[in-house]
Structures are given as C-alpha cells and as structure tokens.
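Please have a look at the sequence and the model first.

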Amino acid sequence: MAAEDLVERRSIDVVPDDERHGTAFSQFTLWLGANLQITAVVPGALAVVFGGDVVWSVVGLLLGNLLGGAVMALHSAQGPKLGLPQMIQSRAQFGVRGAVVPLLLVILMYVGFFASGSVLAGQATARLTHTDDTTGIIAFALITAVAAAVGYRVIHVLGRVASVVCALAFVYLGIRLLDRVDLSALLGDAHFDLPMFLLAVSLSASWQLAFGPYVADYSRYLPRTTSGRATFWWTLSGSAVGSQWSMTFGVLVAASSGEAFLADQVGYVVGLGGTGLIASFLYFSIALGKLTINVLNTYGGFMSMVTGISGFRGQKALSQRGRAAYIALIMVAGTAVALLGKDSFLTSFKDFLLFLLTFFTPWSAINLVDYYLISRERYDIPALFDPRGRYGAWRWDALLVYGVGVLAQLPFLVTHFYTGPLAAPLGGADISWIVGLAVPAALYWLLARRDTSHIPEETRYTLASGPAH
C-alpha cells in the first residue's frame, strides 16, 4: 500500500461506496484492543477502593459493561448505513448548528480521556525509556498525534496488534496475580451492598457510554451492505470482553494490594510480572494499549471540533493542513491537563467518569430514539450540511429535551464535588445514568413523533432523489 493511500483523506464528509472496505469483525479487534489497557483497570479497582467486595463488584461491572456496551454498539451500527462520523449525524436531532451544544461536552471528554490516558502511558513510557514522567507524557502525546493524523487505517492496525499483545500481557499478569492472592478468601467475603453495587455498574456503564459519541467513526468505512446486527454484536463483544477482563483484573489487584496500587498504578501492575525483559514487555504493552485508545480520543476530538465549527462555516471537507492543526490542538490541551493533574489521578478519574455520564446519557437516548424509532434509519445526508435544509440550524425541541435530561439526573448524582439530595434516601447509590437514559428517551419520543415531515422516504446520500449506488 502506497503512503498516500495510508493517510486518510476523509474527515466529516460521507464515505463513498468505492472507498468502503473491511468486515464487521474489525470492530471486535479494535474495541478489544482499546479496552485491554491499564486505564480500564482503574474503574474495576475503584469499585473496590470505594468499598465494594470482589464478587459483587465483578457482577456490577459486568452488568454495566453489558448495558452501556449495548447502547454504545447501537451507535456503532449506524456507521455502515450512513458512512458518517457519529456527531455529524446528531445534526438530524439537534440541528446543523444546534449539534454544537453536545459537541462542546464531547470535546471536553476527548481532552479529559487523552489526559488521563497520557498520565498512565507517560509513566510506562518513562520507565521504558529511563526518563521522567513529564518527558514520558510529552513523548507519548507526540506519537499519538502522528498516528491520529494518519487516520482510519492505522487506527484499525493498532487495534489488531494491541488486541493480541495486550491479551498476552493480561493473561501473564493474571496468572502472576492469582499466584499471590487467596482467591477463595476474596470470593468468600461477599456481602451485597446496593450503593457499592450501583457504583460498580455506573463506573463500567459510564466507561462504555463515553465511547458513544465516536464509535460510528470507526465503522463508517464498512460497506453499506454490512449487517447492522453483525456490527452491533462484534462491537459489543469486543468492548464488553476487553473492558470486563481489564476491570476484573483491577478488582483483584485493588482487593489484594491496598495502598500499593493507589500509590503507583503502573509500577505495581508491572511489578507483578517481574523485572528485566518481562518488565520491558509489560511497559510496552501498557504504552501500546494506551496508544490505541488515545489515538481514538485524538481522532474523535478533531472530528468533533470540525463538526462543531463547520456547522457555522458551511465546511464539508478538511485539508491535510487543517486536519493536522486540529489534532495538534487536541494534543496540546490534553497534554497540559495530564501534566497538571498527574499527581491526583485516581480520585479525579472516578469523578470525571461519573460527571461525563451525566451529559452523554441524554445525548445517547435522543440519538438512538431518533435513529431507530422516529427516523427509522432514514436521513437526508446532504441536508446535514445545510442549516437552511430540512433539519434547520437549531432544533429547539431536542435541545430542550437534552437540557431536561441533564437536569433530571442531578438529584441522583454522586461525585466527590457534588451529591444530589435524592442520593441519601437510596443509601448513597448513584442511579443518575438510568434517569439520564429513560427521561430524555421518553420525552423525545413523545415530542418528535408529532411531526415527522422532515424525515425522507429513504436515506439520501447525494443531492439526487435517491441513494447513490
């Protein structure tokens, strides 16, 4: 493959049929590799650190991964049908310019995840290269930016390689960990506590739901004939298996290590494996796993920024120079946050996950209800780029529902900096994400079904009367 074919040309524009390729199985390897990494270990560890036992933490995390993963995979199934980045499609619900409202929060998410990933990957890179953490974070950020600039193909290559390398690393680490812990004692100390169980569910559900705003970005190059059901199941299985594997490892590490894991996540995990070449391989595996997910965050961040700005500028494509500038902006912002927050990572990460969940569950609910129940997978794609078209510049009904969905969660929210008044009667359990899915889904369905005049008879891919073939 020539270098010019490797570098992606598409950004927010629709992918034409002659550039589609691959199979739905590519979603399995991508999301398995993206989740078999050390940041995914942290939610599992947090479930125990904040008071849960091993058995019910694992069960709660599994439930959250399946529920949140199903929502995320429903977004993934939109990619082959429309050939569009995820957030461009949101213009059908919020308006060509109104989509900027959730987009601002999506960009914040990408910067935050880039930063949190860079902290741990920077530690691994520093130990692998015998430098300090700051140098490691900066070096890792530069590598991430280059990979994101190349684009879609290199992202899937990274996913395939990481799924193998990181699986081997986690198998080895799991064996070493089980040699050190009294598994029967940990499993025997099971005591169901509803708030802690729901915290575990929320931690893993938020992990999965946070992929929703960009998951279709990585399925949009699949042929339009790709089965939506196959895309859904391969995405869900890769993401749920990878994250549950990592999080279960985190549960066992936290239950057996106490303060040692809290003090140095990367150092402790690698210390399980040994020294010398084995340690180097594990540091490399950590950095590779983080590179995979951080490239997704950088790529998604630049796409979201272009989507937001182009709604006001009327832009439908992006030059290579513009692409590089957007990616550099995400990298600089994420690296700055990483350097500022690297010393208080663990507590900040838990609050960050739960805070994000507040803003992305209403968006997911509205997007999925519109796509599957209201529009029934029929969109006028050229109109998504025209604020004077059938979707308009601002769709105030959807924006109102989105705002209500966010506010409805606040009484139930539990974070370090804010706890809602209805959390205490529930024993401190956080069920805000359930409210954030149910309330806007119901409200949007009731409002949107009253006027469906903007929905085309079939999906329009070009300015012609029907879909392009």
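Is leucine 168 buried or exposed? Leucine 168 is exposed, because its relative accessible area is 55% and exposed means over 50%, buried under 20% and partly exposed in between (1.4 Å probe, protein chains only). Before going on, please note that this is a predicted model, in which local features need pLDDT of at least 70 and side-chain atom pairs count only at pLDDT 80 or more, while totals for chains, interfaces and linings use all residues. Residues are numbered from 1 along each chain as its sequence is written, and side-chain values use heavy atoms, with hydrogens and water left out.

Leucine 168 sits in helix α10; helices here are DSSP runs (H or I, at least four residues), numbered from the N terminus. Two elements, α10 (152–180) and α16 (276–313), each give two or more residues to the patch.

Now let's go inside. A nonpolar core is a set of buried Ala, Val, Leu, Ile, Met, Phe, Trp, Tyr and Cys residues joined through side-chain atoms within 4.5 Å. The largest one has 120 residues, and Trp31, Phe249 and Leu296 have the most contacts inside it. Helix α16 supplies the largest share of this core, 14 residues. Another core, of 6 residues, lies apart from it and includes Phe197, Leu198, Ala205 and Ala429.

Helix α16 also holds asparagine 297. Asparagine 297 is buried, because its relative accessible area is 3%. Leaving aside residues up to four places away in sequence, Asn297 touches Tyr110, Phe113, Phe114 and Tyr214, where contact means heavy atoms within 4.5 Å.

Finally, turn to the loops. Most residues other than glycine have a negative phi. Histidine 130, in the loop between α8 (100–129) and α9 (133–150), has a positive phi of about 60° although it is not a glycine. At 73% relative accessibility, His130 counts as exposed. Glutamate 377, in the loop between α18 (345–374) and α19 (396–409), also has a positive phi, near 70°, and is partly exposed, with a relative accessible area of 31%.
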